[in-house]
Amino acid sequence: MTKRYQRDYTNSQYRYLGVMECDAIKHREVKKLVSDEYTKRLKRMLRSKLNGGNLMRAINTYAVSEVRYTAGIVNWIREELETIDRRSRKMFTAHGGFHPKSDVDRLYTQRSVGDRGLMSIEDVGYVWYVKKRWGTYGT
């Protein structure tokens, strides 16, 4: 067999539905990839010229869905989700979408109440954890 077709079975990994796997799910690698992709998508949305309501709708649909997809599969730790949330708030402030002295709760409260309506990454991951842990998934 030529070297071109030889396969390294000790480190062979593949993607199944966007999640890196080998014999088991590569949690660390998937977390890094998802976090980077979320950041990239969030930056792309913040650079756009969308107004407030459309910006939040776009972020919830396009960027937060990246984390939601892996929430039930990858073992996220609450501190990791808090870090992603904190980083997204910093990016909001840097791009002028969120005032540094503004109340954080107003960012995550629903638009129907009169606030911004962003989905919290921490809450998205924690809801999946609770559903998986206590067996309320699907109810």
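Visitor: Which residues does Ile121 touch, leaving out those up to four places away in sequence?

Guide: This is a predicted model, and in it Ile121 touches Tyr38, Val64, Val67, Leu81, Ile84 and Asp85.

Visitor: What makes Ile121 stand out in the largest nonpolar core?

Guide: That core has 24 residues, and Ile121 is among those that touch the most other members, together with Tyr38, Leu42, Leu46, Ile59 and Phe92. Helices H1 (27-47), H2 (52-71), H3 (78-94) and H5 (121-134) each supply at least two residues of this core. The helix giving the most is H2, with 7 residues.

Visitor: Why is Val74 called buried?

Guide: Buried means under 20% relative accessible area. Val74 has 2% relative accessibility, so Val74 counts as buried. You will find this residue in the loop between H2 and H3.

Visitor: How do you know that Val74 and Lys31 are in contact?

Guide: Contact means heavy atoms within 4.5 Å. Setting aside neighbours within four places in sequence, Val74 is in contact with His27, Val30 and Lys31. Mind the atoms, though: 7.5 Å is the separation of the C-alpha atoms of Val74 and Lys31, which are 43 residues apart along the chain.

Visitor: What makes Arg41 count as lying over the face of Tyr62?

Guide: The charge has to be within 6 Å of the ring centre and within 35 degrees of the ring normal, with CZ as the atom used for Arg. Arg41 is at 4.5 Å from the ring centre of Tyr62 and lies over its face.

Visitor: How many aromatic pairs does a search of the whole structure find?

Guide: To pair, ring centres must lie within 6.5 Å. The search finds 0 aromatic pairs.

Terms used: Residues are numbered from 1 along each chain as its sequence is written. This is a predicted model: local features need pLDDT of at least 70, side-chain atom pairs count only at pLDDT 80 or more; totals for chains, interfaces and linings use all residues. Side-chain values use heavy atoms; hydrogens and water are left out. A nonpolar core is a set of buried Ala, Val, Leu, Ile, Met, Phe, Trp, Tyr and Cys residues joined through side-chain atoms within 4.5 Å. Buried means under 20% relative accessible area, exposed over 50%, partly exposed in between (1.4 Å probe, protein chains only). Helices (H or I, at least four residues) and strands (E, at least two) are DSSP runs, numbered from the N terminus. Rings of Phe, Tyr and Trp (its six-membered ring) pair if their centres lie within 6.5 Å; planes under 30 degrees apart count as stacked, over 60 as edge-to-face and the rest as tilted.
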